[in-house]
Amino acid sequence: MAIRKSSGLPLFLLLLFISTSTVAGSAIQSEAFSEELLLQPLPDRKVLAHFHFDTKLPPTSTYGKHHRLFPKAIYQLVRKYRVREMELSFTQGRWNYERWGGCDPISSKNAKPPGVELWAVFDVPGDQVDATWKNLTHTLSGLFCVSINFLESSTAYASPGWGFRQCSGPLRYGSLPREAVCTENLTPWLKLLPCRDKAGLATLMDRPSIYSGFYHSQRLHLTSAEFNSAGLEEGIVLQQTLTLVLKPDAHKSGAMYAYGRSMQPSWSLSSVFGREIHGKCAVADSSSIYLQLDGDLHAKLNSLREEHGNSRSDNSYGLRLSADPDSVIHEASSSQSKKQFVLFKYLMDKYSESEPFNLELTWTLPVIWSSSQAPLHSSRFSMGSGNERGAIAISLKSLKPKQGLSDEDSCKLKVHVFQFAPWYVKVYYHTLKIFVDGDRRSVADVIEKITVSPSEDKVSPGIMELALQLPCKVKSTILTIEFDKGFLHIDEYPPDANQGFDIPSAIISFPGFQTSMQFSLDNSSIGSPLLAKFKENSSVLSYTEVLLVPLTTPDFSMPYNVITITCTVFALYFGSLLNALRRRAGEEERLLKSKAADSTALIPKLLTKLLAKIKGRPLEQSQTVPRVTPSSSSHIRLIFKVVLVAGIAAAWQYYFS
């Protein structure tokens, strides 16, 4: 017994050590979920709200296939179609680059074109990419209740190269500009969150408040290293973002000042979303809300503080916050610009049902500022008239003088243009014309690199990728290209063909300008997926408008008219024919005689009643009078005429007496 006790004790310690090491290993390699919200006042009296949800899953080889937080549908999608990177966005409205910003991470990474945009990078052989893309579109269509399956056709997606983004692997890109976005798409998007919209920051997503805004874009970005042996430490990262531009219901009226500037509307979370926050999601590792003041706004507030002689050092003179932030994050100082933004951070760990969080921002002084702008403002429009030919024009204009650029003639501004056109818009790429500051330039002098993939009728769309080199002091640049309008089969027209056909937005990027945000050394910015995303270097990117092109459309009312008149003629013909074939002369004669007998039998009944009253006999006895047959109808008519004439004569005599 003593030997067994001594041998059992080391065994127990060994099992305890193994379990402890397993728990420690699982703590290192475990799932993680964080939720963050960024609020920012905009210059045009609106509010930007950017929700960011980050879910991380360790590699399957070390963590296994059973998950606690990561959505199972996304994991199965990654494993089945071997997705390396994917992004799906649903957008309603268009981002206003002039007023809401065009040179920051929100506008470059989260501002998307109207409708649905999908791109994916696969880790499959080249001959299986198209089939995998088709299966992926059908899966996403059923998962998010949207018509993404329309992108399965080879005429609806493209294979861009360097003009869209740099990636290692086969890339496919598709866009549906006319796809509508509603709550049916938001509900399955929320189901991917561990707490859905029942707890945490997602409780602010009130449907009437969200869809009554000026801009709404829900995005899903997926990065997977499951099939990359060099990146097994990352696993799968799922980022869900919701970007909103809302008009707050000001609970305080803006005061007018003598110099004509009006106060910005004061707002709170309850006035913008109609709800308050009652704590964080129970399974979230971190839950934070950031209030960002733009660099120009921060500089204006500092100047107002110095102008009014205020000695406050909280950088919030001109506006008042209802709650003190847990920490303040400043942008790293830069020698080129004195306009650094500031972030006020609020932690949701200390709030609950009894003590909800409702941030209120009150303006005490009128402030006018401008948002950061891209080097050139891009827009696109169509030229020409008729249903035969036309032209596409892309305009690049400078809104303000460039800062930080050399004035030498050798200074060049690099611009990348990615244009995607359906096959029925037959673009003639040799007709490309470039005008710089109103003067036409040679294509070879402006274009550094060009890649063109002409469209093929009913097979593939057309792709154009341009790398432009423009002078740094350029004010305007216009690119025009001509096209012919194709003819579609009647089965290829949409239900609302008379509205026109949409060409997806062109993508304009500036490789020489980065949108990353560098923060000062502060421990509060460590461990935040949102701020880590802002630190990543990415080129300034913008989308142009969706182009509406009218095509030759047949008169779809003519088939209806032809069908209607044909059915009417056939109904009359076959109805008359069947009536003539089924008619029987003997039965018809007997039917007519019976109807005549019934009509003539009414007169004898009336005469019988009249005679019974004249003779004073009961009506029962008068019923025994034999029925008057149709053969004696002439006698009855004669008696009736005599009685009628006698009555008229008596009335005449009585009247003139």
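Biologist: Which handedness does the disulfide of C195 and C281 have?

Modeller: This is a predicted model. The S to S distance for C195 and C281 is 1.8 Å. The torsion about their S-S bond is about 70 degrees, so the disulfide is right-handed.

Biologist: How many residues apart are C195 and C281?

Modeller: C195 sits in the loop between helix 7 (183-190) and helix 8 (207-211). C281 sits in the loop between helix 9 (269-273) and strand 10 (286-293). The pair links distant parts of the chain, 86 residues apart.

Biologist: Which handedness does the link of C411 and C472 have?

Modeller: A disulfide joins C411 to C472, with S to S at 1.8 Å. The torsion about that S-S bond is -70 degrees. The link of C411 and C472 is left-handed.

Biologist: Is C411 buried or exposed?

Modeller: C411 lies in the loop between strand 16 (389-397) and strand 17 (412-421). Its relative accessibility is 15%. Buried means under 20%, so C411 counts as buried.

Biologist: Which cysteine has the sulfur nearest to that of C145?

Modeller: The disulfides follow the pattern 1-2, 3-4, counting bonded cysteines along the chain. C145 is in no disulfide. The nearest cysteine sulfur is 7.0 Å away, whereas a disulfide needs the sulfurs within 2.5 Å. That nearest sulfur belongs to C182.

Biologist: Is C182 buried, partly exposed or exposed?

Modeller: C182 is in no disulfide either. Its relative accessible area is 32%. The range for this class runs between 20% and 50%, so C182 is partly exposed.

Biologist: What class of ring pair do F90 and F144 form?

Modeller: A search of the whole structure finds 24 aromatic pairs. The rings of F90 and F144 have their centres 5.8 Å apart. Their planes are at 50 degrees, so the pair is tilted.

Biologist: How many residues apart in sequence are F90 and F144?

Modeller: F90 is buried, at 2% relative accessible area, and F144 is buried at 1%. F90 lies in strand 3 (residues 83-92) and F144 in helix 6 (residues 129-144). The pair therefore ties together parts that are apart in sequence by 54 residues.

Biologist: What class of ring pair do W119 and F164 form?

Modeller: W119 and F164 are both buried. Their ring centres are 6.1 Å apart. Their planes are at 75 degrees, so the pair is edge-to-face.

Biologist: Over the face of which residue does K46 lie?

Modeller: The distance from K46 to the ring centre is 4.5 Å. The cut-off for a charge over a ring is within 6 Å. The ring is that of F214.

Terms used:
Residues are numbered from 1 along each chain as its sequence is written. This is a predicted model: local features need pLDDT of at least 70, side-chain atom pairs count only at pLDDT 80 or more; totals for chains, interfaces and linings use all residues. Side-chain values use heavy atoms; hydrogens and water are left out. Helices (H or I, at least four residues) and strands (E, at least two) are DSSP runs, numbered from the N terminus. Buried means under 20% relative accessible area, exposed over 50%, partly exposed in between (1.4 Å probe, protein chains only). Rings of Phe, Tyr and Trp (its six-membered ring) pair if their centres lie within 6.5 Å; planes under 30 degrees apart count as stacked, over 60 as edge-to-face and the rest as tilted. A charge sits over a ring if NZ of Lys or CZ of Arg is within 6 Å of the ring centre and within 35 degrees of the ring normal.
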